Amino acid sequence: MSAGKRGGNRLLLLAASVAATFAVNAAGLFAGITIVLPHLFYLPIVLAAYWFPRRGIVASLAIAVGYLAMTLPVAGGDIGLIVSALSRAAVFIAIGAAISFLSLRLGEQEERYRGIFGNSEAGMFIVALAETVPRIEEANYVGATLLGATAGALIGEPMSRFFADPGTWDEIRSDNAVYGYETALRRTDGTAVQVFLSAGRLPGERVVLTLIDITARKNAENALREANAKLNMMGRLTRNDLMAAVSTLLSRIAGGIREFDDPAFLRYLNSLDEDARFVQRRAEITRDYQDLGLRPPGWQPLQKTIQEVRSCLLLPGVSVRPWVERLEVYADPMLDRVFSNLIENAARHGKSVSQVVITYQIRDDGLLVYVEDDGVGIPEPKKEEIFEYSAGGGGGLGLFFVREILSITGMTIAETGTPGEGARFEIHVPPDGYRIV
């Protein structure tokens with residue numbers, strides 16, 4: 001029904017109730033009834049104030065004046081009847097004003113709700129749970145488009161029919177609130193769409209669903225993952241060919257060293273052997289980091305990660321002591337390579353290292369994870385150089401990849417130790433990149 005037609009019907013009903021109320025009260029006055037029948041005026045006053053809140057006070061004032069005009073001439077000199085009529089007229093006006101105000105507030109809230117519901121960029125549904133089969137009561141334009149239908153056509157449809165996995169709806173229905181739930185929906189034409197779903201309970205056995213279409217993002221992620229997998233495969237094949245070629249070259253150099261005895265030629269062969277082994281080491285390092293960024297980051301318990309790393313390393317005479325219980329960081333799955341590299345470097349290059357201690361400190365700008373040893377430390381000019389990639393072999397690749405792994409989730413690393421007293425690596429974790437569990 002259109003708003004104009006609905007308003008016309010309400011106006012006719014209001015006019016009929018006013019006329020009937022005045023007629024009944026006029027008959028009552030002639031019959032001497034002045035107490036009970038005036039209460040009937042509350043009906044048209046409430047209807048006028050609720051249906052037409054901006055004119056509710058005027059309508060209640062008009063009814064009150066009409067009531068007085070009808071009652072006072074009959075009252076004669078009866079002071080009690082006059083006071084009663086005036087008091088009742090004042091109550092009519094007060095009730096009309098109160099209901100008009102409340103109706104206006106209710107209308108504003110409903111308009112706000114309609115604006116949010118109708119203009120939201122997310123698909124929104126209100127589902128009734130009281131029935132045997134939960135059905136859609138309301139759907140906004142975005143939600144209807146998401147399911148490949150119109151909002152009107154979805155009213156009364158079972159919500160569960162649109163979930164690709166029938167068990168998903170039962171899982172959502174059993175919780176009072178659901179946030180960031182990733183699932184698949186089935187459109188009316190049978191095609192699948194990936195969404196982030198949130199759900200919350202409403203009064204009257206209803207639930208509001210909010211759906212955000214992430215199909216394009218998921219497709220892009222899958223395409224990127226496939227591209228990375230193919231690039232890694234190509235890198236693996238290229239590296240295997242390179243390793244095979246280097247092994248053949250080293251074998252031929254070794255044969256030349258055994259066959260020739262000219263000192264100058266042997267020095268040349270030895271330099272070739274050193275260069276070939278450098279290429280071999282670089283290829284081996286890239287093999288260790290071929291999956292960098294291939295899998296999505298996640299929350300990782302730091303204490304467990306370091307303990308697993310420690311159990312896999314051969315570190316005679318070096319004690320590794322992690323003090324990071326209950327700390328989890330959001331990092332690439334290759335986080336273990338970070339601590340493996342830092343601990344191995346301490347044992348290999350620290351010379352006098354007897355212990356490596358891992359601790360953390362919470363700060364206003366995030367969190368710092370400290371990896372400290374008691375070795376010889378790192379000279380000031382080398383503190384930044386150790387993280388740089390050097391094509392000529394001046395720097396290692398290990399710490400370069402450590403920085404790359406950490407940077408995937410916004411972490412940084414720096415060396416801040418005192419030369420002669422030990423190395424101290426500080427890993428800065430952003431505020432949203434750690435949690436204490």
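## Loop residues with positive phi

Lys351 lies in the loop between α11 and β9 (355–363). Helices (H or I, at least four residues) and strands (E, at least two) are DSSP runs, numbered from the N terminus. The model is predicted: local features need pLDDT of at least 70, side-chain atom pairs count only at pLDDT 80 or more, and totals for chains, interfaces and linings use all residues. Residues are numbered from 1 along each chain as its sequence is written, and side-chain values use heavy atoms, with hydrogens and water left out.

Although Lys351 is not a glycine, it has a positive phi of about 65°. Most residues other than glycine have a negative phi. Lys351 counts as exposed because its relative accessibility is 73%; here buried means under 20% relative accessible area, exposed over 50%, and partly exposed in between (1.4 Å probe, protein chains only). Arg326, likewise not a glycine, has a positive phi of about 70°. Arg326 is found in the loop between β7 (319–322) and β8 (327–331), and it counts as exposed at 54% relative accessibility.

Strand β5 (residues 206–213) is joined to strand β1 (residues 123–128) by 6 bridges, and the two run antiparallel. Strands are taken to pair if DSSP finds at least two bridges between them. In this pairing, Phe125 stands opposite Leu209 in β5. Strand β4 (residues 192–202) also pairs with β5 in the antiparallel sense, over 8 bridges, and Leu197 stands opposite Leu211 in β5.

β4 and β5 form a hairpin with 3 residues between them, and Gly204 in the turn has a positive phi of about 75°. Ala199 is found in strand β4 and counts as buried, because its relative accessibility is 9%. The C-alpha atoms of Ala199 and Gly115 are separated by 19 Å, the two residues being 84 residues apart along the chain.

## Strand β12 and its neighbours

Of the 6 residues of β12, 5 are buried, so the strand is largely enclosed by the rest of the structure. Strand β10 (residues 366–373) runs antiparallel to β12 and is joined to it by 6 bridges; the bridge partner of Leu367 in β12 is Val429. Strand β11 (residues 412–415) is also antiparallel to β12, with 4 bridges, and Ala414 stands opposite Glu426 in β12.

The structure holds 2 cavities of 30 Å³ or more. On a 1 Å grid over the protein atoms alone, a cavity is a set of points where a 1.4 Å probe fits but cannot get out, and lining residues have an atom within 4 Å of a point. Grid points are joined across faces, edges and corners, and a volume is the space filled by probe spheres set on the points.

The second largest cavity contains about 30 Å³ of space. Its lining consists of Leu302, Val329, Leu335, Phe339, Val369, Leu406, Met411, Ile427 and Val429. At least two residues of this lining are supplied by each of α11 (335–349) and β12 (424–429).

## Salt bridges

A search of the whole structure finds 12 salt bridges, each defined as a side-chain nitrogen of Lys or Arg within 4 Å of a carboxyl oxygen of Asp or Glu. Glu328 and Arg435 meet in one of them, at 2.7 Å from N to O. This pair links distant parts of the chain, with Glu328 in strand β8 and Arg435 in strand β13 (residues 434–436), 107 residues apart. Glu328 is buried, with a relative accessible area of 14%, whereas Arg435 is partly exposed at 36%.

The side chains of Arg424 and Glu426 meet in a salt bridge at 3.3 Å, N to O. Salt bridges that share partners join Glu372, Arg424 and Glu426 into one network. Glu157 forms a salt bridge with Arg161, with the closest N and O atoms 2.7 Å apart. Glu157 counts as partly exposed at 24% relative accessibility, as does Arg161 at 44%.

## Nonpolar surface patch

Phe260, Phe265, Tyr268 and Leu272 form a nonpolar patch on the surface, with about 360 Å² of accessible area together. Patches are made of residues with over 30% relative accessible area and no salt bridge; like charges are joined within 9 Å, and nonpolar side chains (Val, Leu, Ile, Met, Phe, Trp, Tyr) within 5 Å. Accessible areas come from the Shrake-Rupley method with a 1.4 Å probe, and for residues only the protein chains shown count as cover. Phe265 lies in helix α9 (residues 263–288) and counts as partly exposed at 32% relative accessibility.

Notes: 1 Å grid on protein atoms, 1.4 Å probe; cavity = no way out; pocket = protein on both sides within 12 Å on 5 of 7 lines; lining within 4 Å.
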